[in-house]
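User: I'm new to this one, so please walk me through the labels. I'd like to see how each value leads to its name.

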Amino acid sequence: MVTGGGRGIGQAICVELARHGADIVIADLNPDEMQETVELVEAENGRARALETDVTDLDSVESTVETALEEFGSVEWLVNNAGIAGPTASCESIDSDEWDATLDVNLRGAFYTCRTLLPSMKGQSYGRIVNIASVTGKRPLTQRTPYAASKMGLIGFTRTLAAEVGGHDINVNSICPGSVDGPRIQRVFEEKAEATGRSYEEVRSDAEDQSPRQELVNREDVANAVAFLCSSDADRMTGQDLNVSAGKVMY
Ligand SMILES: NC(=O)c1ccc[n+]([C@@H]2O[C@H](COP(=O)([O-])OP(=O)(O)OC[C@H]3O[C@@H](n4cnc5c(N)ncnc54)[C@H](O)[C@@H]3O)[C@@H](O)[C@H]2O)c1
């Protein structure tokens, strides 16, 4: 099950996990976008089911999990990928609704899916949970306090949940992508340029310069790391936060 699998990184994760033989449940808000992911998975000879889900709504998450378990029998791998960038603004100009909205999707959403799926994972004595955090959970990103707080929160959630459920052969890890090239990061750069009075090119080049390789990350790099953490090659990895950042963060 991949939350936010309708586009972007989540879509690449769905396709990659399908290549590894998984049936995919896509849990996202937008049916049209999810349909595109279904078609991409089917093009890999995989099976995908799109279930309209709002991860901030417990009823919605419970209904998706119920349908997934009915139709597929079990859920082995859960990828908490749904996330929003939140506002780009100084802390004192962020209103509490914007704060809540960011924390709701990025942090509460992962809590709801885990809370709902853990009983069946414990029942089958197996589970692999991967939370898509961010390097912004580890290092500051000015003008993005709610996002940074949500992602650092997700890393803390990962570690404590990993410690709680390890005895059931349930591994819980985070991936911390650096800036992933694509429409979302381009929007974020545009907003940052506007908020700081600089050009888009300057903001983008700053982001690239933070990598020793002077580059951003591709969504496929993140998808490959998810597939690794779900595979038996990573059976003895849990509670970790794995950077996929072209070296932007090394801790
Ligand atoms: N793009 C980056 O540079 C970058 C870097 C680090 C971490 N991340 C993280 O990776 C994840 C995916 O990012 P992306 O760049 O693909 O973003 P995106 O905006 O392209 O995709 C996010 C997906 O989440 C879905 N979503 C949003 N709110 C939802 C909700 N309430 N319920 C269900 N689905 C919801 C959206 O519909 C969308 O399909 C996010 O958690 C993001 O914070 C992204």
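Analyst: Let's start with the naming: a strand is a DSSP run of E with at least two residues, a helix is a run of H or I with at least four, and both are numbered from the N terminus. By that naming, Ala246 sits in the segment after β7 (241–244). Keep in mind that this is a predicted model.

User: What makes the phi of Ala246 stand out?

Analyst: Most residues other than glycine have a negative phi. Ala246 isn't a glycine, yet its phi is positive, about 55°. Asp169, also not a glycine, has a positive phi of about 55° too.

User: Where is Asp169, and why is it called partly exposed?

Analyst: Asp169 lies in the loop between α5 and β6 (170–177). Its relative accessible area is 34%. Buried needs under 20% and exposed needs over 50%, so a value in between counts as partly exposed.

User: And why does Gly109 count as buried?

Analyst: Gly109 has a relative accessibility of 2%, and the cut-off for buried is under 20%. The residue is found in helix α4. Leaving out residues up to four places away in sequence, Gly109 touches Val55, Asn80 and Asp104.

User: How do you know that α4 and α5 are roughly parallel?

Analyst: Helix α4 (residues 96–123) packs against helix α5 (residues 145–165) at about 15°, with the axes 8 Å apart. Angles under 35 degrees count as roughly parallel, and therefore this pair gets that label. The crossing of α4 past α5 is right-handed.

User: Which residues make that contact?

Analyst: On the α4 side they include Trp99, Leu103, Phe111 and Leu118, and on the α5 side Tyr147, Leu154, Phe157 and Leu161 are among them. By class, the contact of α4 with α5 has 14 nonpolar, 5 polar and 2 charged residues.

User: What makes α6 and α7 oblique to each other?

Analyst: The axes of helix α6 (residues 183–196) and helix α7 (residues 200–209) cross at roughly 120° and come within 8 Å. The roughly perpendicular range ends at 115 and roughly antiparallel begins over 145, with the rest counted as oblique. The angle falls in that remainder, so α6 and α7 are oblique. Gln186, Phe189, Glu190, Lys192 and Ala193 of α6 meet Tyr200, Val203, Arg204 and Ala207 of α7. That contact has 5 nonpolar, 1 polar and 3 charged residues.

User: At what angle do α3 and α4 pack?

Analyst: Helix α3 (residues 58–72) and α4 pack at about 35°, with axes 9 Å apart. Contact residues include Leu58, Val61 and Leu69 from α3, and Tyr112 and Leu117 from α4.

User: What makes something a nonpolar core, and how many residues does the largest one have?

Analyst: The residues must be buried, come from a set of nonpolar types, and be joined through side-chain atoms within 4.5 Å. The largest such core has 30 residues, and those with the most contacts inside it include Ile13, Ile132 and Val226. Elements supplying at least two residues each include α1 (8–19), β5 (127–132) and α8 (219–230). α8 gives the most, with 7 residues. Another core lies apart from this one and has 24 residues, among them Met1, Ala68, Val75 and Cys114.

User: What does Ile132 touch?

Analyst: Beyond residues up to four places away in sequence, its partners include Ile13, Val79, Leu154, Ile175, Pro177 and Val226.

Conventions
Residues numbered from 1 in each chain as written. Predicted model: local features only at pLDDT ≥ 70, side-chain atom pairs only at ≥ 80, totals over all residues. Heavy atoms only, no water. Buried < 20%, exposed > 50% of the residue type's maximum accessible area, 1.4 Å probe, protein only. Contact = heavy atoms within 4.5 Å. Axes fitted to C-alpha atoms, helices over the stretch in contact; angles between N-to-C directions. Parallel < 35°, antiparallel > 145°, perpendicular 65-115°, else oblique. Left-handed = near helix turned anticlockwise from the far one by under 90°. Nonpolar A, V, L, I, M, F, W, Y, C, P; charged D, E, K, R; others polar.
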